[in-house]
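Me: I have a structure open beside its sequence, and I would like to learn how to read it. Could you walk me through it feature by feature?

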Amino acid sequence: VIYALYCLTIGSPVVRTRVKICGITRGVDALAAAACGVDAIGLVFYSGSPRVVTLEQAREIVSVLPPFVTKVGLFVNESRERISAVVASGCVDLLQFHGHEDADSCDGFGLPYIKAIGMEDGIDLARRMDAYPDASGFLLDAWQPETHGGGGIGFDWNRIPVLGERTIILAGGLHPGNVVEAIRKVGPYAVDVSSGVEIRKGVKSAEKIAAFLEGVNNCECE
């Protein structure tokens with residue numbers, strides 16, 4: 001509230017970039033993220049990730065979260081049965097697909113979804129997005145066909161074309177030292193970070209999370 005009032009006082013519109021901390025594996029990290037004002041946390045249900053959580057772990061994590069923090073479930077080429085089980089548990093509010101899923105594979109779970117797109121060479125980004133007409137947004141990440149993201153690898157933001165009114169979430173190699181530049185250059189709806197705020201894979205740093213949020217907030221008050 002103080003931040004918003006300050007921005008209004010100096011005459012700047014309050015257009016806040018949302019923040020998601022992905023790869024949460026511990027309740028203490030979820031609480032640290034919430035205390036810093038994040039909008040969402042990511043729970044990875046992909047067995048190939050070092051940050052994968054079980055349904056039991058996910059329940060424990062979300063049980064400590066305060067209200068108004070969106071819980072995002074991340075999947076990679078997962079079966080509908082497994083996704084439906086996670087949805088039925090009530091642990092997630094939003095689905096995030098990081099694999100080769102087509103639009104039909106992302107729909108029909110009763111929750112909104114975002115589709116991750118790896119920025120491979122020669123990609124026709126607008127055309128790729130058009131294939132998912134019901135997506136709530138698109139997460140742009142570095143091209144990582146073997147790991148499907150989470151490697152702390154960035155990409156050239158100049159490769160992102162003008163995309164009109166599409167909802168863009170920027171990911172890939174973000175950290176407290178470059179998030180301000182990323183927001184200024186891309187102007188995304190949200191930024192998504194995992195490796196950039198970690199002590200080691202799956203263990204977040206409260207100090208790095210705070211520094212990341214400070215960068216986002218300071219960028220928008222300048």
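Reply: Happy to! Let's begin with burial: of the 222 residues of the chain, 50% count as buried. Keep in mind that this is a predicted model. The chain has 8 helices and 10 strands.

Me: What is the mean pLDDT of the chain, and how many of its residues reach 70 or more?

Reply: pLDDT is the predictor's confidence in each residue, from 0 to 100. Here the chain averages 90, with 88% of its residues at 70 or more. Residues 1–13 are where to take care: the pLDDT there is below 50, and this stretch has 12 contacts in the model beyond near neighbours in sequence.

Me: Now the strands. Which strands make up the closed barrel, and with what pairing?

Reply: Follow the order of the strands around the sheet. In this model 8 strands form a closed barrel, running β1-β2-β3-β4-β5-β6-β7-β8 with parallel pairing. On average, neighbouring strands of this sheet are turned by 25° against each other, direction ignored.

Me: How many bridges pair strand β1 with strand β8?

Reply: There are 4 bridges between β1 (residues 18–21) and β8 (residues 190–193), and the two strands pair in the parallel sense. To find the place on your screen, look for Arg-18, whose bridge partner in β8 is Ala-190. On to β2: β1 and β2 run parallel and are joined by 2 bridges, with Lys-20 standing opposite Ala-40 in β2.

Me: And how many bridges join β2 to β3?

Reply: β2 (residues 40–44) runs parallel to β3, with 5 bridges joining the two. You can trace this pairing through Ile-41, whose partner in β3 is Lys-71, and through Leu-43, which is partnered with Gly-73.

Me: Why is β3 described as largely enclosed by the rest of the structure?

Reply: A residue is called buried when its relative accessible area is under 20%. In β3, 5 of the 6 residues are buried, so the strand is largely enclosed by the rest of the structure.

Me: Let's talk about nonpolar cores. Which residues touch the most other members of the largest one?

Reply: The largest nonpolar core has 57 residues, and Ile-41 and Phe-212 touch the most other members. Helix α8 (residues 206–221) gives the largest share of this core, 5 residues. There is also a second, separate core of 9 residues, among them Val-72, Ile-114, Leu-139 and Ala-171.

Me: Which residues does Phe-212 touch?

Reply: Leaving out residues up to four places away in sequence, Phe-212 touches Val-19, Leu-174, His-175, Pro-176, Val-179, Val-191, Val-193 and Val-197. Two of these names tie back to what we have seen, as Val-191 and Val-193 fall within the residue range of β8.

Me: Val-179 is in that list. Which residues of helix α7 are buried?

Reply: For a helix, ask which way the buried residues point. In α7 (residues 179–186), Val-179, Ala-182 and Ile-183 are buried. They cover an arc of only 95° around the axis, which puts them on the same side of α7. Compare α2 (residues 27–36), where Asp-29, Ala-30, Ala-32, Ala-33 and Ala-34 are buried.

Me: What should I look for just after these helices?

Reply: Check the phi angle there. α7 is followed by Gly-187, with a positive phi near 65°, and α2 is followed by Gly-37, whose phi is positive, near 95°.

Definitions and conventions
Residues are numbered from 1 along each chain as its sequence is written. This is a predicted model: local features need pLDDT of at least 70, side-chain atom pairs count only at pLDDT 80 or more; totals for chains, interfaces and linings use all residues. Side-chain values use heavy atoms; hydrogens and water are left out. Buried means under 20% relative accessible area, exposed over 50%, partly exposed in between (1.4 Å probe, protein chains only). The arc is that of the directions from the helix axis to the C-beta atoms. A nonpolar core is a set of buried Ala, Val, Leu, Ile, Met, Phe, Trp, Tyr and Cys residues joined through side-chain atoms within 4.5 Å. Contact means heavy atoms within 4.5 Å. Two strands pair if DSSP finds at least two bridges between them. Axes are lines fitted to C-alpha atoms, for helices over the stretch in contact, and angles run from 0 to 180 degrees between N-to-C directions.
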